[in-house]
Amino acid sequence: MAYAYDPDNIFAKILRGEIPNDTVLETEHSLAFRDIRPQAPTHVLVIPKGSYVSFDHFARDATEAEILDYMRTIGEVCRMEGVEEDGFRLISNAGGHGVQEVPHLHVHILAGRPLGRMLQPA
Ligand code: 5GP
C-alpha cells in the first residue's frame with residue numbers, strides 16, 4: 001500500500017513551527033505536546049517528526065532509530081506526567097473506521113482519572 005502523506009496537516013505545521021504547541025518533551029525523532037481539547041486531566045499527543053500517516057505506515061517504513069526513539073518517548077512522557085502508578089491509556093486512531101482527525105501518526109496518552117471501558121457500544 002502507498003501511504004499519501006499530506007504535508008499541510010496540522011501536526012506537520014506544528015513540527016515546522018507554523019503553529020504553537022505546549023511541548024512536554026522533544027527528542028531527536030519525536031515531539032510530545034498537550035492536546036488542544038483535552039479529554040482527561042492528562043492528555044498528551046506523541047508524534048514522530050518523520051512524515052508518517054499512521055501506526056502501520058510508521059511500523060513499516062520508519063528507521064529503527066525512529067521507532068526506538070518514539071517508543072521510549074511515549075514511556076518517558078508517562079513517567080514525566082506521573083501516571084505510570086495509577087494507570088493510563090494509549091490510543092492511536094487510524095483511517096476512517098478509527099476516526100482519525102489528523103493524518104500524521106499520533107499516540108494519545110490519556111490519564112488522571114478512571115477512563116471507563118475502552119469502547120462504547122456503536
Ligand atoms: P485523532 O482523532 O486524529 O486521533 O486526534 C487528533 C487530536 O488532535 C484531537 O484530540 C485534537 O484535539 C487534537 N488537535 C487538533 N488540532 C490540534 C492543534 O492544533 N493543537 C493540538 N495541540 N492538538 C490538536
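# Briefing: cores, strands and rings in a predicted model

V99 is exposed, with a relative accessible area of 64%. V99 sits in the loop between β4 and β5, and its phi is positive, about 50°, although V99 is not a glycine. The model is predicted.

**Nonpolar cores**

- The largest nonpolar core is made of 17 residues. Those with the most contacts inside this core are A32, V44, V46, Y70, V77 and I109.
- Two or more residues of this core come from each of β1 (23-26), β3 (42-48), α3 (64-80) and β5 (107-111). The element that gives the most is α3, with four residues.
- Another core lies apart from the largest one. This other core has seven residues, among them L31, F33, L45 and I47.
- Which residues does I109 contact, leaving aside its neighbours within four places in sequence? They are T42, H43, V44, V46, I74, V77, C78, R89 and L90.

**Helix α3**

- At 1.5 Å a residue, the 17 residues of α3 should span 24 Å.
- The buried residues of α3 are E66, D69, Y70, T73, I74, V77 and C78.
- An α-helix has 3.6 residues a turn, so residues three or four places apart point the same way. This spacing can be looked for in the list of buried residues, which includes E66, Y70, T73 and V77.
- Parts that cover the buried residues of α3 include the strands β1, β2 (30-34), β3, β4 (88-91) and β5, and the helix α2 (55-61).
- After α3 comes G82, which has a positive phi near 70°.

- Is β5 mostly covered or mostly uncovered? β5 is mostly covered, as five of its five residues are buried.
- V107, I109 and A111 point one way from β5, while H108 and L110 point the other way. Residues on both sides of the strand are buried.
- β5 pairs with β3 in the antiparallel sense over five bridges. In this pairing, V46 has V107 of β5 as its bridge partner.
- β5 also pairs with β4 in the antiparallel sense, over four bridges. Here L90 has I109 of β5 as its bridge partner. L90 is also among the residues in contact with I109.

**Aromatic pairs**

- How many aromatic pairs does the structure hold? It holds three.
- The ring centres of F11 and F33 are 5.4 Å apart and the ring planes stand at 80°, so this pair is edge-to-face. F11 lies in helix α1 (residues 10-15) and F33 in strand β2, so the pair ties together parts that are 22 residues apart in sequence.
- F11 is buried, with a relative accessible area of 6%. F33 is buried too, with a relative accessible area of 3%.
- Y52 and F58 form an edge-to-face pair, with 5.1 Å from centre to centre and 80° between the planes. Y52 and F58 are both buried.
- Y52, F58 and Y70 form one aromatic cluster. Y70 is also one of the residues with the most contacts inside the largest nonpolar core.

**Positions from the UniProt record**

- Which residue does UniProt list for "active site"? The unreviewed entry lists H106.
- H106 is in the loop between β4 and β5. With a relative accessibility of 5%, H106 counts as buried, because buried means under 20%. V99, placed in the loop between β4 and β5 as well, is exposed at 64%.
- Not counting residues up to four places away in sequence, H106 touches F11, L45, V46, I47, Y70, I91, S92 and Q100. Of these, V46 and Y70 have already been named in the largest core, and L45 and I47 in the other core.
- For "domain: HIT", the unreviewed UniProt entry lists residues 10-120. In the model, this span is 27% helix and 23% strand, and its end C-alpha atoms lie 28 Å apart.

Notes. Residues numbered from 1 in each chain as written. Predicted model: local features only at pLDDT ≥ 70, side-chain atom pairs only at ≥ 80, totals over all residues. Heavy atoms only, no water. Core = buried A, V, L, I, M, F, W, Y, C linked by side-chain atoms within 4.5 Å. Buried < 20%, exposed > 50% of the residue type's maximum accessible area, 1.4 Å probe, protein only. Contact = heavy atoms within 4.5 Å. Expected span 1.5 Å × (residues − 1). Pairing = 2+ DSSP bridges. Phe/Tyr/Trp six-rings, centres within 6.5 Å; stacked < 30°, edge-to-face > 60°. UniProt positions renumbered as here; feature names shortened; annotations may be inferred.
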